[in-house]
Amino acid sequence: QPLTQAAVDAMASVADEIALGIDRSRATEGLRASEASTRALIDNMLTGVITTDEKGKIETINPAAIKMFGWSAEELVGQDLTVLLPASVGRDPRAFLRLGHVKALGRVTEWEARRKNGDVFPMELALSDFRTPDGRKHSAGSVRDISERLEIERVKKEFVSTVSHELRTPLTSIRGSLGLIAGGVAGEIPERARALLDIAYKNTERLSRLVNDILDLEKIESGRMELRLDFLELGQILRAVLESNQTYAEQYSVRLAIDGDTSPAWVWVDRDRVIQVFTNLVSNAVKFSPPGAIVTLTRSRVGERVRVSVVDRGPGIPEEFRPRIFQRFQQADSSDTRQKGGTGLGLAITKSIVERLNGEIGFETHLGTGTTFYVDLPEQPAAMIAPEAASGGPRGRHILVCEDDTDHANLLSVILQRGGCQTEIAQSAAEAKALLSQRHFDAMTLHILLPGQDGISLLSELRADERTKELPIVVVSLGRSGDSPSLAGDAFGIIDWLAKPIDASRLLASVRQAAVGKAGTRPRILHVEDDPDVVAVLATLLNDRAEVFAVGTVREAEKALREGNYDLLVLDIELPDGSGLSLLPLLHSTGRPPVPVVVFSAHELSYGVAQAIEATLVKSETSNEEILHTIESLLNLPQPGAA
């Protein structure tokens, strides 16, 4: 009997239901298979994974996380996430979690966590939020124990610190000694011996550059390269670069020259690092230039930036090497027989420094005609420059201006302040004596005609007083410069005699050159250094220009500073019984004027510490001339042969 239409429709409907059921079953099986696959993937991950609900209750935890924290899954699922936090989070771990959620969401962050046995360990966390089909919010955290990584970093840091000290210190002694011998300190050197000496000195310089490049690279990679920024005039920097590289250029029979814009250009840079940048570029240019060529440093302006270009007449850079030129360990000629030395690190380090200074570096090259490397730095408006930076004057000196005329007193004060000095004004001899009895001054300007007591008798009185008998004094008079029959000679220890109207540059020069200690005596330097070779080199450098007292430990230095007076402290940081920096508070607690400090160490100082110190020099990076110049400047010693 044929089926009715109703029966056909009913059977079709049943078939559709069966097909839909089959599809749903397949979908469910597929979902279950997908979930199982995902669960297997998570369970076999080396990284720990923890999921929580919106209230912070642990929902799932994979085996890697179980192993990391020491709990079982049964113990943790359903527990509040705070069970994994250390006690150091405080009384409100829920608040800590809320704050941590905001901080860690969508990024990788570092935290401390707690194992079941109570041990606290460093952990790396990457956190993300997600919602399930029912609309509920959940969080998933990928966690990694970074104890081993941090320990490796600590060991690496200690190793680099040790290498820095153990390589830089002997290199400094070798380099300094060879430089002194080459300079004739040990007497005339036979011609054959001088040739061997030159070889030793050049290779010591080469080894020093290699050590410094490797240590600089490590600082850049670890993010520990700090910059000590200051407003500096670019022309002065370029002149310093030219001067310091002149001897190196002569070895290749190459001349150095400065060309281009000569107007003042101020930049916000770290002096040592920007000199390192231009020194790298100049030394490369010299190395690849033919004998008799000129390497030129030129300066120009590009928009709001000032550009320094280092131009050579070398062979140019091969086209295939140009894309890799700023990469590490790259050489245009990387063969074992290459003629030009170097590590291939200089340009990579240079680029990193320039970018840290908000600058840009690039090059233009033509095969057979030469290469120009250029550095663009943001130029700073002259109005932003501190007066003392612009003047090059005697920074930080405390000067007493003794002048009865208010206008003249203010004028002297302004000149000295723009030279970087601090000033106080006394308008009579009585005021001057009161101020001198209350605090320390580095120098004094004195007008001879004062109310109440003339300047001559005040001078006699000051020289008879133990506290002011060696105070440097600049006389300001209405007469001509040098007109002083009653003050002739050194009886009163006068630094200079200036006539009104005042010559500002001569006044600043007089204050800058104020002698340290009593006229005719040598300044006293305390050298805190445990390496006797470095001590011997510095003592030979200073020779008869200063008395050098050397100690090798923090304890000996503390005793010396308490018992003696010194005009300068030369300080190594790493000493057998502690850090040399621990001596700094003592310099301000003896009741005497603070002693200027030069840190001469294998380690570079952090920015904060360096701000409180007059000068920092790094062993193996500093030449004999730089050490001597720094000490002479701080002690205001006249340069050898200077008038």
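The model described here is predicted. Its chain has 643 residues, of which 42% are buried, and the secondary structure comes to 19 helices and 24 strands. Contacts that reach along the sequence are well represented: of those between residues at least 6 apart, 61% join residues at least 24 apart.

Two packed helices are described by the angle between their axes and the distance between the axes. For helix α15 (residues 532-542) and helix α19 (residues 624-635), the axes come within 11 Å and cross at roughly 65°. The crossing of α15 with α19 is right-handed. On the α15 side the contact is made by V537, L538, L541 and L542, and these meet N624, I627, L628 and I631 of α19. Sorted by class, seven of the contact residues are nonpolar and one is polar, while none is charged.

The structure holds six aromatic pairs, one of which joins F326 and F373. A pair of aromatic rings is described by the distance of the centres and the angle of the planes. The rings of F326 and F373 are 6.3 Å apart, centre to centre, with 85° between the planes, an edge-to-face arrangement. F326 belongs to the loop between β10 (305-311) and α9 (346-356), whereas F373 is in strand β12 (residues 370-380), so their pairing ties together parts that are 47 residues apart in sequence. Both of these phenylalanines are buried. Ring pairs also bring in F363, which forms a cluster with F326 and F373.

Arginine side chains meet aromatic rings as well. R307 lies over the face of Y374, at 4.0 Å from the ring centre. In the case of R524, the charged end sits over the ring of Y566, 5.0 Å from its centre.

Most residues other than glycine have a negative phi. S253, in contrast, has a positive phi, near 60°. S253 is found in the loop between α7 (234-251) and β7 (255-260), where it is partly exposed, with a relative accessible area of 45%. N358 likewise has a positive phi, near 60°, and its place is in the loop between α9 and β11 (360-366). With a relative accessible area of 54%, N358 counts as exposed.

Definitions and conventions. Residues are numbered from 1 along each chain as its sequence is written. This is a predicted model: local features need pLDDT of at least 70, side-chain atom pairs count only at pLDDT 80 or more; totals for chains, interfaces and linings use all residues. Side-chain values use heavy atoms; hydrogens and water are left out. Axes are lines fitted to C-alpha atoms, for helices over the stretch in contact, and angles run from 0 to 180 degrees between N-to-C directions. Helices (H or I, at least four residues) and strands (E, at least two) are DSSP runs, numbered from the N terminus. A crossing is left-handed if the near helix is turned anticlockwise from the far one by less than a right angle, and right-handed if clockwise. Contact means heavy atoms within 4.5 Å. Ala, Val, Leu, Ile, Met, Phe, Trp, Tyr, Cys and Pro count as nonpolar, Asp, Glu, Lys and Arg as charged, and the others, Gly among them, as polar. Rings of Phe, Tyr and Trp (its six-membered ring) pair if their centres lie within 6.5 Å; planes under 30 degrees apart count as stacked, over 60 as edge-to-face and the rest as tilted. Buried means under 20% relative accessible area, exposed over 50%, partly exposed in between (1.4 Å probe, protein chains only). A charge sits over a ring if NZ of Lys or CZ of Arg is within 6 Å of the ring centre and within 35 degrees of the ring normal.
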